Amino acid sequence: MQSQTIDPAKTELNHHHTAEASVGHHEEHPDHRMFGLVVFLIAEGMIFMGLFGAYLAFRATLPAWPPAGTPELELLLPGVNTINLISSSFVMHNADTAIKKNDARGAQIWLAITAAMGAIFLVGQVYEYTHLEFGLTTNLFASAFYVLTGFHGLHVTIGVLAIVAVLWRSRLPGHYSNEKHFGIEAAEIYWHFVDVIWIILFGLLYLL
Amino acid sequence: MTQAQLQETANIPALSEEPGIRKWQDYFGFNTDHKVIGIQYLVTTFIFYCIGGVMADLVRTELRTPEVDFVTPEVYNSLFTLHATIMIFLWIVPAGAGFANFLIPLMIGAKDMAFPRLNAVAFWMIPPAGLLLIASLVVGDAPDAGWTSYPPLSLVTGQVGEGIWIMSVLLLGTSSILGAINFLVTLLKMRIPGMGVHQMPLFCWAMFATSALTLVSTPVLAAGLILLAFDLIAGTTFFNPTGGGDPVVYQHMFWFYSHPAVYIMILPFFGAISEIIPVHSRKPIFGYKAIAYSSLAISFLGLIVWAHHMFTSGIPGWLRMFFMITTMIIAVPTGIKIFSWLATMWGGKIRLNTAMLFAIGFVGTFVIGGISGVMLAAVPFDIHVHDTYFVVAHLHYVLFGGSVLGIYAAIYHWFPKMTGRMVNEFWGKVHFALTIVGLNMTFLPMHKLGLMGMNRRIAQYDPKFTFLNEICTYGAYILAVSTFPFIINAIWSWLYGEKAGNNPWRALTLEWMTTSPPAIENFDQTPVLATGPYDYGLENANEGVPLSDPNPVLSAGPNSVLRADPDEPYPTIESELEKR
């Protein structure tokens with residue numbers, strides 16, 4: 001009949017094989033954190049996609065957008081802030097490159113610059129909030145503006161905190177090296193994610 | 001040698017120490033063992049099921065008579081709102097995660113989930129979220145806008161209760177997203193060497209599809225709820241027409257999750273049924289690949305059908321057309337699964353134990369719910385019966401006749417593995433009989449009520465509906481009674497039941513190749529696949545190609561049987577059956 005399964009000889013083989021394989025099985029748990037982070041960011045991205053979708057739906061159904069009487073948005077400060085945030089992604093990448101060359105000192109410097117740039121972005125955002133001529137409940141556009149940028153700002157804050165945390169840990173000698181740098185890489189990927197979301201957000205709210 | 005013997009001899013379970021001994025306290029604290037977490041999920045969600053069930057019976061008691069005479073209309077509104085929320089978010093969705101937690105690492109030969117601590121965090125979000133929701137009854141302002149919480153209604157009824165509802169659902173959504181991340185990473189990265197995706201048990205396929213769906217759809221609900229919370233608390237008008245907002249946008253965001261949620265609620269049990277039927281029919285599963293891929297098809301299609309809940313919400317005609325067609329197409333992969341199960345049972349040596357009875361009950365009642373679903377997908381019919389008891393009947397056939405029977409089938413099937421002891425078959429069958437009778441008595445008349453025009457979510461109705469409502473109410477009481485044999489049986493068997501041994505069903509999937517209950521890290525040695533997951537009843541099992549072969553014989557189903565040996569003349573299914 002056919003060969004659904006294994007012949008005894010080979011089963012035997014497998015059996016011996018297992019004894020050896022079991023050693024590997026009880027070794028250190030393989031590191032799936034990076035993959036897990038990427039999967040998590042898909043979920044994060046879907047929250048933003050939901051908010052963007054709602055924004056586009058409001059925009060499409062209302063006769064005038066932004067609703068009549070909404071003051072013009074100032075473009076200069078958010079424009080500079082956008083350039084700042086996009087550049088910080090490249091700075092962050094330098095930190096990753098540095099640690100892969102086992103240059104912990106360099107990585108620290110680049111991380112510190114990234115955190116500073118993120119902080120500047122947040123300060124700029126707060127400055128913009130305090131100088132806008134509309135409030136959260138002025139109209140639908142104003143509400144969407146504050147909720148979307150605020151939710152993104154929350155993510156930037158988390159990103160800055162993550163970078164600061166990585167920076168704090170990197171004080172320990174040998175904590176990060178060219179072989180062991182999950183923290184830096186994870187912070188970097190998260191930071192790129194925040195950046196990409198901002199580019200979409202900026203396009204939707206300010207430019208479209 | 002039979003396949004079960006082959007698989008068992010290839011995998012010698014851990015015997016060096018007393019297997020799987022855990023203290024009872026372990027189940028009440030933070031524990032990172034996936035098996036403990038799985039049982040924590042199942043027991044917790046079952047408690048919520050009982051609470052939600054009591055609420056259902058209160059609702060049915062109110063509806064026994066046409067007048068409002070049992071609870072006030074306000075309490076009635078809160079009861080059906082909480083009943084639905086609890087049953088969906090605190091029972092069926094997390095119960096699926098419970099089985100997945102217990103089974104996935106065992107089935108793929110891993111020691112634990114990919115992120116054990118994240119796993120514990122995901123579980124421990126559920127009890128506070130559930131208590132928060134139930135506590136809303138105490139503050140005297142329970143949510144009462146229906147489980148959909150459609151604005152603007154939800155914005156003008158109970159303020160505090162609605163806020164609590166949003167918080168609770170957000171917490172539960174976070175929990176299921178974290179769970180889904182864990183399942184996806186575990187399934188993709190932690191299978192034993194030798195187990196390709198096509199050697200995975202079908203439950204794993206189903207959980208893969210479910211987790212992917214959860215990952216993509218749940219965050220959109222979270223976004224919608226965040227906006228709703230702003231409307232409720234901060235005074236924005238996203239969904240409030242008086243301020244230029246659009247309540248239909250909320251419906252889109254809500255159903256973008258909540259429609260896929262019905263697949264999140266049914267796919268894990270499709271998977272469980274695909275495990276149970278071949279074991280208890282002693283036959284290879286029919287169409288392994290078809291069942292596996294149809295799960296993926298369902299989860300993809302599930303994402304593009306949400307607006308069929310909104311045919312009466314004023315969406316454009318062309319959009320209705322699109323959603324009607326996609327909704328009807330979902331019946332195809334679902335039908336593939338149903339027919340594959342039937343073909344698996346066909347000619348099998350069926351063992352009618354409780355697990356198999358529930359599995360057969362699942363297939364039967366789910367088909368009724370599925371067919372009324374195809375009816376509801378048709379726009380003209382849906383407009384006629386929208387928000388009537390026909391919809392209530394349909395969703396209960398799917399969620400009770402489908403998911404809940406699936407949960408029971410899975411509990412009876414894996415009880416020996418989880419506890420190391422057998423359940424009492426007699427009381428299991430009593431439980432099954434009461435459940436099936438109660439289920440059909442409660443929900444079958446609702447189809448007729450809906451066609452006659454009885455609205456859902458009302459406490460008072462036209463006296464002409466009285467008779468059918470009485471039948472429904474008594475059915476609901478039978479359902480309430482039916483849980484008692486189960487609870488007592490489960491507790492008694494857990495404590496004093498007959499010892500089960502490692503593999504009481506002579507099953508082939510890897511979870512049965514370890515001790516019952518499984519040892520702390522599941523396997524002493526990396527398990528090997530000596531046979532495919534569903535190769536029951538085939539002769540000459542010890543001849544052939546190992547799965548580690550570079551071109552592995554896909555070891556499931558008659559198709560692979562036919563392809564197994566290219567040199568021999570193709571055997572037919574009939575000749576296969578004769579040989580057995």
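This is a predicted model: local features need pLDDT of at least 70, side-chain atom pairs count only at pLDDT 80 or more; totals for chains, interfaces and linings use all residues.
When I say helix in this talk, I mean a DSSP run of H or I that is at least four residues long, and the helices are numbered from the N terminus.

A:Pro66 sits in the loop between helix H2, which spans 33-61, and H3 of chain A. The peptide bond that leads from A:Trp65 into A:Pro66 is cis, and its omega is near -5°. As background for both cases, most peptide bonds are trans.

Staying with chain A for a moment, the chain has six helices and zero strands, so that, reading from the N terminus on, the order of elements is α-α-α-α-α-α. Of its 208 residues, 50% count as buried. One residue I would like to point out is A:Asn139, which is located in the loop between helix H4 (104-131) and helix H5 (140-169) of chain A, and which is buried, having a relative accessible area of 14%. If you take A:Asn139 together with A:Tyr176, which is 37 residues away along the chain, you find that their C-alpha atoms are separated by 49 Å.

Let me turn now to the charged pairs. Over all chains the count comes to six salt bridges, and I will go through some of them. In chain A, A:Asp96 forms a salt bridge with A:Lys100, with 3.0 Å between the closest N and O atoms. Both residues belong to helix H3 (residues 76-100) of chain A, and because they are four residues apart there, about one helical turn separates them.

In chain B, a salt bridge links B:Lys35 with B:Asp33, and here the closest N and O atoms are 3.2 Å apart. Are these two partners buried or exposed? B:Lys35 is buried, with a relative accessible area of 2%, and B:Asp33 also counts as buried, at 7% relative accessibility.

Another pair in chain B is B:Arg456 with B:Asp387, whose closest N and O atoms lie 3.3 Å apart. B:Arg456 is in the loop between helix H15 (425-452) and helix H16 (466-496) of chain B, while B:Asp387 is in the loop between helix H13 (379-385) and helix H14 (389-419) of chain B, and so this pair ties together parts that are 69 residues apart in sequence. B:Arg456 is buried, with a relative accessible area of 18%, and B:Asp387 is partly exposed, with 30%. Returning to chain A, salt bridges with shared partners join A:Asp96, A:Lys100 and A:Glu185 into one network.

Next comes the backbone of chain B, where two residues call for a comment. B:Ser149, although it is not a glycine, has a positive phi of about 50°. This serine is found in the loop between helix H5 (126-135) and H6 of chain B, and B:Ser149 is buried, with a relative accessible area of 1%. The backbone oxygen of B:Ser149 is reached by the side chain of B:Ser154 at 3.0 Å. B:Ser154 itself is part of helix H6 (residues 153-156) of chain B, and at 0% relative accessibility B:Ser154 counts as buried.

The other residue is B:Arg282, again not a glycine, with a positive phi of about 55°. B:Arg282 lies in the loop between H9 and helix H10 (288-302) of chain B, and is partly exposed, with a relative accessible area of 22%.

That brings me to H9 and its contact with H8. The axes of helix H8 (residues 202-234) of chain B and helix H9 (residues 247-281) of chain B come within 8 Å and cross at roughly 160°. Since angles over 145 degrees count as roughly antiparallel, H8(B) is roughly antiparallel to H9(B). Their crossing is left-handed, and, sorted by class, the contact of H8(B) with H9(B) has 24 nonpolar, seven polar and one charged residues.

Notes: Residues are numbered from 1 along each chain as its sequence is written. Chains are lettered from A and ligands numbered from 1 in the order in which they are written. Side-chain values use heavy atoms; hydrogens and water are left out. Axes are lines fitted to C-alpha atoms, for helices over the stretch in contact, and angles run from 0 to 180 degrees between N-to-C directions. Angles under 35 degrees count as roughly parallel, over 145 as roughly antiparallel, 65 to 115 as roughly perpendicular and the rest as oblique. A crossing is left-handed if the near helix is turned anticlockwise from the far one by less than a right angle, and right-handed if clockwise. Ala, Val, Leu, Ile, Met, Phe, Trp, Tyr, Cys and Pro count as nonpolar, Asp, Glu, Lys and Arg as charged, and the others, Gly among them, as polar. A salt bridge is a side-chain nitrogen of Lys or Arg within 4 Å of a carboxyl oxygen of Asp or Glu. Buried means under 20% relative accessible area, exposed over 50%, partly exposed in between (1.4 Å probe, protein chains only). A polar contact is a pair of N or O atoms within 3.5 Å; within protein, one must be able to donate a hydrogen and the other to accept it, and residues adjacent in sequence count only if both atoms are side-chain atoms.
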